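Dear colleague,

Please find below the structure that I am handing over to you. My findings follow it, and I would ask you to read them with the model open beside you.

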Amino acid sequence: MKKSSTLTTTTSMPTSPTLSAQTLSASRISLSSSKSGKSFQSQNGPVRPGSGCVSAINAKREEIEIDTILEKAKFYTSVCLGSTAILSVLTFLFLIPFVVDPAISTIIADYDPVPVTCIVIDHIYAEGIKNCSWSSCREGCTSSLTKCHQLFVNYTRIPYSEWERSPRDLDTVNWDVSYTKFLINSEGCGYPPTTNCSVFARQYGFTHVGEPFPCYYSRAYPEVVIGRYSWENNLYHLVLSLIIPNVLFAISIGVLSYWYCPCCEKWNKSSRVYAEKFPTKEEIVNCMKCNTEKSLSLNMF
């Protein structure tokens, strides 16, 4: 009985040496592949299902955040440009009566840039609207006249620099224009602190009547005589008042038109439609299916 059991046991074991060698080599290959996979995971971190989809979604989210910042910057820039355009128009309208029109009138009057010799022959101080039909100096070009200084002068075309070198007897001078109105500037008005009518009256009137002083006469209207004139300043203020508001208005309107005008769409078309910046519903569902560990919600977008 013992011999028969021993024989049965030995016959049940595999006797093919070829099969055992193939099985051993296959087990070695599987073992080496499992080890290499473990080493790759230990170096690069665990491989999670759906990691590619998650990285694509994160990249799209970053792109959306950048686009949102750019859109906000564009909105605030548009508000600033619109405000600049409106303020430029209002500023230009304000400068027309106070700077542009007087400067153009001064250019048309064609004042002689070389000062000539004048003397004040009469100084009248009046009060009341009826008595102040005009004034040599007015503080405020739009204010009503209740007090006024009216100065009348004689002038000769002899340059004042020449008069200072060789003074002449006033009784023997042949005046070119006599008893004409004398104004502080071409408008006859101004604003403090540059214009102070009390100082102007003390400088040319009262005790200074009959004293020679430099003045400027109009070559287009010889009866017009003023006390202050500068061709450079007049041209400087005119150019600034015309260029600055108009240039700011043109730049603001140009940029806004380029951004929002329908006629400029062919030059301002984006490479992507705004809706394409967001992931589609199918992309989100596919990522939710391939990522079993972490589900993505539609509220993220």
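Predicted model: local features only at pLDDT ≥ 70, side-chain atom pairs only at ≥ 80, totals over all residues.

A search of the whole structure finds two cavities of 30 Å³ or more. Which residues line the second largest cavity? They are I184, F200, Q203, Y204, G227 and R228.

The largest pocket has a volume of about 780 Å³. Its lining is formed by 27 residues, of which F98, P102, N185, S186 and E187 are the closest to the centre of the pocket. Two elements, α3 (51-109) and α6 (231-260), each give two or more residues to this lining. The element that gives the most is α3, with nine residues. The lining of the largest pocket divides into twelve nonpolar, twelve polar and three charged residues.

**The barrel**

Five strands form a closed barrel in the order β1-β2-β3-β5-β4, and their pairing is mixed. Which residue in β2 is the bridge partner of H123? The partner is L151.

Helix α5 (residues 197-204) packs on the sheet, where the helix touches β1, β2, β3 (177-183) and β4 (212-217). The direction of α5 makes an angle of about 45° with that of β2.

**Residue C141**

The loop between β1 and β2 contains C141. Is this residue buried, partly exposed or exposed? C141 has a relative accessible area of 27%. Buried means under 20% and exposed means over 50%, so C141, at 27%, counts as partly exposed.

Leaving aside residues up to four places away in sequence, C141 touches C189, G190 and Y191. Taking one of these contacts, C141 and Y191 lie 50 residues apart in sequence, while their C-alpha atoms are 7.8 Å apart in space.

Yours sincerely,

A colleague

Terms used. Residues numbered from 1 in each chain as written. Heavy atoms only, no water. Pairing = 2+ DSSP bridges. Helix = DSSP H or I, 4+ residues; strand = E, 2+ residues; numbered from the N terminus. Contact = heavy atoms within 4.5 Å. Axes fitted to C-alpha atoms, helices over the stretch in contact; angles between N-to-C directions. Buried < 20%, exposed > 50% of the residue type's maximum accessible area, 1.4 Å probe, protein only. 1 Å grid on protein atoms, 1.4 Å probe; cavity = no way out; pocket = protein on both sides within 12 Å on 5 of 7 lines; lining within 4 Å. Points joined across faces, edges and corners; volume = space filled by probe spheres on them. Nonpolar A, V, L, I, M, F, W, Y, C, P; charged D, E, K, R; others polar.
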